[in-house]
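Have the sequence and the 3D view ready as you read.

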Amino acid sequence: MENTFTFTAEELIVMLSVAGFDDEAKSLVESASISTGTKELTVLFNSTISQLKTKGIWDKAKERREVNPLADEIISFLEIYANTRFLIRATNERQEAMLVFHYIDFDKWLYHYIEDNSIHRFAFISEKDIPHHVKNFYNFQTYWNNTSNLSFSLTDRQFDSLKNPKNINKIKDEIEGSDREAFIMFQQDLTAQGLEMDNIAVFYISEKRELLLENVGFICLSDQGIWLIQYEPESRYPVHIKLAHEHEWDEYLESVYLFTADLIKERVILNK
């Protein structure tokens, strides 16, 4: 990775605001649960500007000339961050972290690791490295049972109702045969994870800066592999859940990257 940056949420908010990217700054304020009172924001801005001056990011000479006080390198970085049109986002509930990839151009992406909605780490990477970074981000410690073939499918209603433990037995009664065996094991693993599932999602940002979900898959750790939950809209039971082998986990991560590459080709490259 090259040209790494690390900022607090407050630093990133102030820099985006100063650079004129108010919508992006507001979004970060909301995700970091920062108080939006006038007094609190004034204190935040003043203390954060002092930090930026100490780091050399806030140029006092430019401030005296009444021009944008941020260093030129930082302004260029913020323009890339705020103007991206494609995102890949992976969540990790156990680590209270997120990993986001912002598309720049051709094969270049901005790597963005978010720790507890408070620390933001950035670097520039090649698109071919995305699957590797996602796998490292999760770093699942599990015994890969490469002989299992457990899978089952659910309706949208059944999948949504998994959030409530009271619905588990009802769903189990609606499933028969080998699917029932797979569901019981999945339910045990999901319970062990506190009914929390991580997800890997692909987003497109429209010209009106609307965040549009293009694709999403859910994952749940098992002691025998990874449960992959994918959506197949044409099916009567569109939510397909499978206990994946390690090579299937690798293939899934590669498929996310390839889906995004095709989306970019369709929306951007072919329209130039």
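Is K128 buried or exposed? K128 counts as exposed, because its relative accessibility is 58%, and exposed here means over 50% relative accessible area, buried under 20% and partly exposed in between (1.4 Å probe, protein chains only).

## About the model

This is a predicted model, in which local features need pLDDT of at least 70 and side-chain atom pairs count only at pLDDT 80 or more, while totals for chains, interfaces and linings use all residues. Residues are numbered from 1 along each chain as its sequence is written, and side-chain values use heavy atoms, with hydrogens and water left out.

A search of the whole structure turns up one cavity of 30 Å³ or more. On a 1 Å grid over the protein atoms alone, a cavity is a set of points where a 1.4 Å probe fits but cannot get out; a pocket is an open set with protein on both sides within 12 Å along at least five of seven lines; and lining residues have an atom within 4 Å of a point. Grid points are joined across faces, edges and corners, and a volume is the space filled by probe spheres set on the points.

The largest cavity has a volume of about 40 Å³. Around it sit I88, I130, P131, V134, I200, L253, V256 and Y257. Both α6 (130-138) and α10 (246-267) supply at least two residues of this lining; helices (H or I, at least four residues) and strands (E, at least two) are DSSP runs, numbered from the N terminus. By class, the cavity lining has eight nonpolar, no polar and no charged residues. In this count Ala, Val, Leu, Ile, Met, Phe, Trp, Tyr, Cys and Pro are nonpolar, Asp, Glu, Lys and Arg are charged, and the others, Gly among them, are polar.

About 610 Å³ is the volume of the largest pocket. It is lined by 21 residues, of which S27, Y81, L87, H102 and L211 are the closest to its centre. Elements that give two or more residues to this lining include α2 (22-31), α5 (72-83) and β3 (97-105), and α2 makes the largest contribution, with five residues. The lining divides into 10 nonpolar, seven polar and four charged residues.

The second largest pocket holds about 160 Å³ of space. Among the residues lining it are D156, F159, D160, N215 and Y231. At least two lining residues come from each of α7 (156-160), β8 (211-222) and β9 (225-231). Six residues of the lining are nonpolar, two polar and two charged.

## Charged pairs

The structure holds 12 salt bridges, each a side-chain nitrogen of Lys or Arg within 4 Å of a carboxyl oxygen of Asp or Glu. The exposed K128 has D129 as a partner, at 3.5 Å from N to O; D129 is partly exposed, with a relative accessible area of 27%. Another bridge joins E115 and R121 at 3.0 Å, N to O. E115 is partly exposed at 32% relative accessibility, and R121 is partly exposed at 34%.

E246 and K135 also meet in a salt bridge, with 3.3 Å from N to O. E246 lies in helix α10 and K135 in helix α6, so this pair ties together parts that are 111 residues apart in sequence. Salt bridges with shared partners join K135, E246 and D250 into one network.
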